[in-house]
Amino acid sequence: MIKHDEVLNENIDNKKTVEFNVNIPIDNLKKDNQKSSEEHDIIPMSKNSDKKVLVAFRDVKIGFYNHNQLAVIVPKLNLDIYEGEVLGLVGESGSGKTTIGRALLRIIPTQGGTIYYRNKRISGKLPHGEKRELKKKIQMIFQDPSACLNDRSNVDYIISEGLRAFHLYENEQDRLHKVSNSIAEVGLRPEHLSRFPHEFSGGQRQRIGIARSVIMNPELIVADEPISALDVSIRAQVLNLIRKFQQEKKMTFLFIAHDLSVVKYISDRIAVIYHGKIVELASAKRLFEKPLHPYTKALLTAVPIPDPRLEKNKKIEIYDGSCHDYSVDKPEFVEIEENHFVLANKKELEEYRKLL
Amino acid sequence: MQENDINVKTENEREIEISVKDLSVCFLSHGNKLHVIRNVSLDIYKGETIAIVGESGSGKSVFTKTFTGMLESNGYISSGTIMFQNEDLAKLKTSKDWLHIRGKKIATIFQDPMTSLNPLLRIGSQIIEVLRLHRGMNKEEAEKEAIELLRRVRIPEPEKRIHDFPFMYSGGMRQRVVIAIALACNPDVLICDEPTTALDVTVQTQILELIKDLQKEYNFTTIFITHDLGVVAGIADRVAVMYGGQIVEYGSVEDIFYRPAHPYTWALLSSLPQLADDGEALSYIHGNPPSFNEEIVGDAFAPRNKYALKIDYIQEPPMFKISDSHYAKTWLLDKRAPKVEPPKIVQNLSKKLNSMVIDNKKVGDNSD
């Protein structure tokens, strides 16, 4: 009779010989052994990209029940988030951008389709252990830094709450060490730890919020309008922090905002969303160079330029959804050029192609 | 055209609407006296749009609240005068004194349209209330006028929508209603206290356009409070930059954007994400805005200022005149001060943004 432990060890040994140079944490191997959820083969949306897909939305439908009637906010979402990138999600209020972020975090349920995380299904019903694991891996930064921090607990408690929940520290000393490390990373000082949120300015509070999510060492952070409530001079600090964590810790960000100028600075790729549908998705640079969808153009011209001569002579475009004729020819989300997707029907696609 | 006319007139020829002299405002809080506005002087000309820029806590809202006597109950004007149509507004005390000014001659639009509208009253009755009180109309006249006002602020089907409640409107529409109420008395001065901060970018441009159009129509003076420099560039004729309860620089919009002189203005401009290069960290202002708990000695911005001189910590700089329209409060402009070049980003502002506009033109071409 072979003991269970030995089998496990054997497996580990096998794996190690196969992938010799790869440093696989033992945690992962154990999970593979348990086979609690299947791996799926996700076909990336873009054939031209060699980047690894971290999150994949496939035909995701999100809505809310109101008096037993389903109000669909996001009808059919297809989106890839690559590992290590900052994906900007832009749209006006009510377009469903926050809803998408929340569905990814499992705060609101999906009504159809699947969300995959590292090729594993994370939407719908999941075993308890996996749900817990996801909470650790996906963190969030909220819009309003004064509303998202508990006013009655001190900064030390706020930041280490996640550590406590998952027992991610060895002893009290280790916990303190981790907390003061993370607070230093966001540019605050250790003496701030004993203070309460109301003693801080908006920018500092937002940095506490960031420290709280970053201390968990997540792989993905959903940042829901993290700078909309902040002053101009403080915005820059928070944006720099996000960029720093992306570059140094290789974290992936889903950055939700309504201001294109900010998103342009921080994002690698930008998805423009209108009424729950992504109308255009491209690299930040390309989207500004060659916007195709009329709504993207309207958004671009709406961004105020800090230059009196240019701003006063600017021509503003207003988007009207009725400019599309989708009665016969239904629109599809198509990759029109490398890594540049647009929602259009066949006739529009031909027109857009001429512009490229 | 209008813009050129304003530029042709020299400062002396223009009619002054509000003249603020050495205004100081104090707040009493827990036995402390907080000196929140410190000796501010500013002339606001008739028919212009002046933008007041600064971060939160710089006193920009408090400053304009003194024009309508809407300071919080623990705040008071400790010295100075506000001359408006041959009357010193700083001397007005009771609500009765204010009645012929507030809402009638000087109207305010606030940031959050939901809190400025009464959620229990219909849109129409809120406009009619103002018309009957200030313009003495009877019910029928007032209702007609209210519909006309809603049409002016481009609300579709005003005859029907006048009976709606505020919650039935979107944020942009609510702000339009607030503007309609503000315009009900044909005010001489319209104070816009961050009217678009709570709105989306696309809605923001529409509201800004509306305010611009209405200004042409009604010829009022606009005082525009904001922290968004992009908005300032689009709407303002003149700009006043506030920091630590003082105006540190003021001038025409071109002066402020193309020839800024105060280090704080430099810092504000260079923290704009529009100006950053790809992959480059944004510059930002270190430290915190000054606390009013202690008396500020010297230049309030000195502790956060890269270019601070020794004297900045000892003595407050006077207002230096740069040109007829442009003034700045920094020792760097003194003859004895060392020559300091503004940061590169600020110097290249035009060039940098021009490259962006070429993009924008392409956007325009595409649509044609």
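**Notes on a predicted two-chain model**

1. Two strands count as paired if DSSP finds at least two bridges between them. Strands (E, at least two residues) and helices (H or I, at least four) are DSSP runs, numbered from the N terminus. Within this pairing, Gly63(A) has Val72(A) in E2(A) as its bridge partner.

2. A word on conventions before going on. The model is predicted, with local features needing pLDDT of at least 70 and side-chain atom pairs counting only at pLDDT 80 or more, while totals for chains, interfaces and linings use all residues. Residues are numbered from 1 along each chain as its sequence is written, and chains are lettered from A and ligands numbered from 1 in the order in which they are written.

3. His67(A), in the loop between E1 and E2 of chain A, has a positive phi near 50 degrees although it is a residue other than glycine. Arg118(A), in the loop between strand E4 (112-117) and E5 of chain A, also has a positive phi near 50 degrees and is likewise not glycine. How many other C-beta atoms lie within 10 Å of His67(A)? There are 5, so His67(A) is exposed; Arg118(A) has 17 and is therefore partly exposed. The scale takes C-beta atoms placed from the backbone: 20 or more others within 10 Å means buried, 12 or fewer exposed, and anything in between partly exposed.

4. Gly129(A) sits in helix H4 (residues 128-137) of chain A. It counts as exposed because it has 12 C-beta neighbours inside 10 Å.

5. Do look at helix H5 (residues 155-166) and helix H6 (residues 172-185) of chain A, whose axes come within 10 Å and cross at roughly 115 degrees. Axes are lines fitted to C-alpha atoms, for helices over the stretch in contact, with angles from 0 to 180 degrees between N-to-C directions. Among the H5(A) residues that meet H6(A) are Ile159(A) and Leu163(A), and those on the H6(A) side include Val179(A) and Ile183(A). By class, this contact has four nonpolar, two polar and three charged residues. Here Ala, Val, Leu, Ile, Met, Phe, Trp, Tyr, Cys and Pro are nonpolar, Asp, Glu, Lys and Arg are charged, and the others, Gly among them, are polar.

6. At the interface, 39 residues of chain A are in contact with 40 residues of chain B, contact being C-beta atoms, placed from the backbone, within 7 Å. H8(A) supplies the largest share of chain A's side, seven residues. That side has 20 nonpolar, eight polar and 11 charged residues.

7. Finally, the largest nonpolar core has 191 residues, and those with the most contacts inside it include Val272(A), Phe255(A) and Ile127(B). Such a core is a set of buried Ala, Val, Leu, Ile, Met, Phe, Trp, Tyr and Cys residues joined through C-beta atoms within 7 Å. Helix H8 (residues 171-183) of chain B gives the most to this core, with eight residues. Leaving aside neighbours within four places in sequence, the contacts of Val272(A) include Val90(A), Ile278(A), Tyr295(A) and Leu299(A).

Notes:
Two residues are in contact if their C-beta atoms, placed from the backbone, lie within 7 Å.
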